[in-house]
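This report describes the fold of one protein chain. Please have the sequence and the model open while reading.

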Amino acid sequence: PAGSRVILRAAVSNRPTLVDYPIGRGNIIASGLTWEFSYYYGFPFAVKAYDDLLRYALSVANSYNVVYNGNGNDDGEVPNPIKSAFLAGETVTVEDNTGELSKDGYVFKGWNTKADGTGIFYEPGDTFEMSEESVVLYACWELEQYTVTFTDWDDSILDEQTVDYGNAATAPLDPSRTGYTFTGWDKDFDSISSDITIKAVY
């Protein structure tokens, strides 16, 4: 991060051991690096230190992260891939729902670069080229839908409808049966959370 300092260990204690180099988006912390030098102080020492540091910095300072976000999940964990930092131009393979993310009333559909689903959509296994900035992939959730079936006393179907999770079904017109009075339905249907059959009661 910006403001950090690079520590380079010299083989001889009377040589300088601290060198600062701003590379990439901030300075790099590096310890335990060694190098050869033949001068007591001065330019050759600094050049070698810079060479070692540059090789290290190119693989760290210019890498960008891919972060997964559950986007309102109720259970499970976001993927924790072995590799999450990439250089610009590297190919990123999108993770599956390895942590079994779940959300009540919703089905996991994939990942999106925006939480509201208006960004770029990726299915697990899709690939993309890493840009020069970190990427957040948000879980995409699709509202579950259920089938509500209204039946008469003889199991004949009066109506069948598809209802979103948590919504109410709409009852059909009151049925009739000779010699009986219709009194209502055998189940509540104000908040649907599964496929359900509702029967007329006389």
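The model is predicted, and local features need pLDDT of at least 70, side-chain atom pairs count only at pLDDT 80 or more, and totals for chains, interfaces and linings use all residues. Residues are numbered from 1 along each chain as its sequence is written, and side-chain values use heavy atoms, with hydrogens and water left out.

## Overall make-up

The protein chain has one helix and 15 strands. Helices (H or I, at least four residues) and strands (E, at least two) are DSSP runs, numbered from the N terminus. Of the 202 residues in the protein chain, 31% are buried; buried means under 20% relative accessible area, exposed over 50%, and partly exposed in between (1.4 Å probe, protein chains only). The protein chain exposes about 12,400 Å², and carbon and sulfur atoms supply 47% of this area. Accessible areas come from the Shrake-Rupley method with a 1.4 Å probe, and for residues only the protein chains shown count as cover. Among contacts in the protein chain with a separation of 6 or more, 56% are between residues 24 or more positions apart; a contact means heavy atoms within 4.5 Å.

## Sheets

Strands of a sheet pair through backbone hydrogen bonds, either parallel or antiparallel. Here, two strands pair if DSSP finds at least two bridges between them.

Strand E8 (residues 106-112) pairs with E9 in the antiparallel sense over two bridges, and Trp111 stands opposite Tyr122 in E9.

Another open sheet has four strands in the order E13-E12-E15-E14, and its pairing is also mixed. Its edges are strand E13 (157-164) and strand E14 (184-185), each with a single partner strand, so one side of each is left without a neighbour in the sheet. E14 and strand E15 (residues 196-201) run antiparallel and are joined by two bridges. Gly184 stands opposite Val201 in E15.

## Nonpolar cores

A nonpolar core is a set of buried Ala, Val, Leu, Ile, Met, Phe, Trp, Tyr and Cys residues joined through side-chain atoms within 4.5 Å. The largest one has 16 residues, and Val66, Val94, Trp111, Phe128, Met130 and Leu137 have the most contacts inside it. Strand E5 (63-69), E8 and strand E11 (135-143) are the elements that give two or more residues to this core. E11 gives the most, with four residues. A second, separate core has twelve residues, including Val148, Phe150, Val163 and Trp185.

## Aromatic pairs

The structure holds eight aromatic pairs. Rings of Phe, Tyr and Trp (its six-membered ring) pair if their centres lie within 6.5 Å; planes under 30 degrees apart count as stacked, over 60 as edge-to-face and the rest as tilted.

The ring centres of Phe108 and Trp141 are 5.8 Å apart and the planes are at 70 degrees, so this pair is edge-to-face. Phe108 lies in strand E8 and Trp141 in strand E11, so the pair ties together parts that are 33 residues apart in sequence. Trp141 is buried, with a relative accessible area of 16%.

Phe150 and Trp185 have ring centres 5.1 Å apart and planes at 70 degrees, so this pair is also edge-to-face. The pair links distant parts of the chain, with Phe150 in strand E12 and Trp185 in strand E14, 35 residues apart. Phe150 is buried at 0% relative accessibility, and Trp185 is buried at 18%. Ring pairs link Phe150, Phe182, Trp185, Phe189 and Tyr202 into a cluster.

## Salt bridges

Side chains of opposite charge can pair when their charged atoms come close. A salt bridge is a side-chain nitrogen of Lys or Arg within 4 Å of a carboxyl oxygen of Asp or Glu, and by this rule the count comes to four.

Lys199 is partly exposed at 28% relative accessibility, whereas Asp155 is exposed at 53%. Lys83 is partly exposed at 41% relative accessibility, and Glu90 is partly exposed at 26%. Asp186 is partly exposed at 39% relative accessibility, and Lys187 is partly exposed at 37%.
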